[in-house]
Amino acid sequence: MARLAFAMSCLRKRLKQQERSCPFCGKPETIFLERKFVLLELRRCPNCELQFRWPKDTDSDNDAFYQSEYEQGAVTALPSQEEIAVLRKSNFVGSPMDLSDRLAILAGLVPRGKILDYGSSWGYGVYQLVGAGYDAFGWEISRARAEFGRAMLEIAVESDWSVIERRAPLDGIFSSHVLEHLPSPMPALDAFSRLLAPGGWALIFVPNGGGKHAREEGVRWGPMIGEKHCLALAAPFFAKNLVAYGFEPPLFASRFGRELVSLLPWNGDLRALEGDELVVAARKR
Ligand SMILES: [Zn+2]
């Protein structure tokens, strides 16, 4: 959506007095933290610890956005046939779509098996997962991107959720910078819980809404909230809520760059997770 259209949509929701309830647990009273661009608020739910942008998106806002308007540089722009040939040949190494560091973390949890890339865009992650020996497939909300991946990379990327459901139980779910775009994390956590086999792992990467830059700069830290980022996810939210979805207490790491990290239990101190990217690993009971 153009910036003006997004501003108008926020303004309409403000005028209609959209509820400031939590988009995850539904608690009616949430806490104002900070304002951004006059119209936006960063809020926190004292019940489930979710930090979210208000005005909130609806599922239909979100669907319309990703079917038509979403562009974010190389990761979501669609490359030409010639570019695809080069990327395939190099297995995406050195490109902005190179997931080798993330797949190395996955390999430590799930060495083989059936893996869903949740929010897979046009499938560059699925391609790399298949190359690493997994039985991998992707789910992508944008039908155009899913179709592009199937045609250009000859991999399984679906925008029909029922196809994904039929492939359960899964050994792992990989999700890289997707959850922060959702109006609520609930459908994702619910799906991860239902689709994973006992002992299967969810490996989640998000901008760290509790990291050093997020804490010091608040909404001035770019990834915190905005048109694309509905949620500012941080360790307290995952630590508090994943267990209720049938997971063991999650393991965490954070990093500033692409360095590999060790996933460890978290002691509750945000200063132990300073990096700009949060890595969350949760094993299904
Ligand atoms: Zn809540």
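1. Arg102 lies over the face of Phe205, at 5.3 Å from the ring centre, where a charge sits over a ring if NZ of Lys or CZ of Arg is within 6 Å of the ring centre and within 35 degrees of the ring normal. The charged end of Arg20 likewise sits over the ring of Trp54, 3.6 Å from its centre. This is a predicted model, in which local features need pLDDT of at least 70 and side-chain atom pairs count only at pLDDT 80 or more, while totals for chains, interfaces and linings use all residues. Residues are numbered from 1 along each chain as its sequence is written, and side-chain values use heavy atoms, with hydrogens and water left out.

2. The zinc ion is coordinated by the SG atoms of Cys22, Cys25, Cys45 and Cys48, at 2.2 to 2.3 Å (donors are N, O and S atoms within 2.8 Å of the metal, or 3.2 Å for Na, K and Ca). The angles among these 4 donor atoms are 99 to 122°, and the site is tetrahedral, a label given to four donors if all angles lie between 85 and 135 degrees. Along the sequence, the donor residues follow the spacing C-x2-C-x19-C-x2-C. Cys25 belongs to the loop between helix H1 (3–15) and strand S1 (31–36), and Cys48 to the loop between strand S2 (40–44) and S3, so the pair ties together parts that are 23 residues apart in sequence. Helices (H or I, at least four residues) and strands (E, at least two) are DSSP runs, numbered from the N terminus.

3. Is Cys25 buried or partly exposed? Cys25 counts as partly exposed because its relative accessibility is 33%, whereas Cys48, at 2%, counts as buried (buried means under 20% relative accessible area, exposed over 50%, partly exposed in between, with a 1.4 Å probe and protein chains only).

4. The structure holds 15 aromatic pairs, meaning rings of Phe, Tyr and Trp (its six-membered ring) with centres within 6.5 Å, where planes under 30 degrees apart count as stacked, over 60 as edge-to-face and the rest as tilted. The rings of Phe24 and Phe237 have centres 4.9 Å apart and planes at 80°, so this pair is edge-to-face. It links distant parts of the chain, with Phe24 in the loop between H1 and S1 and Phe237 in helix H10, 213 residues apart.

5. The largest nonpolar core has 39 residues, and Leu50 is among those with the most contacts inside it; such a core is a set of buried Ala, Val, Leu, Ile, Met, Phe, Trp, Tyr and Cys residues joined through side-chain atoms within 4.5 Å.

Technical notes: Four donors count as tetrahedral if all angles lie between 85 and 135 degrees; four count as square planar and six as octahedral if opposite donors are over 155 degrees apart and all others between 65 and 115; anything else is irregular.
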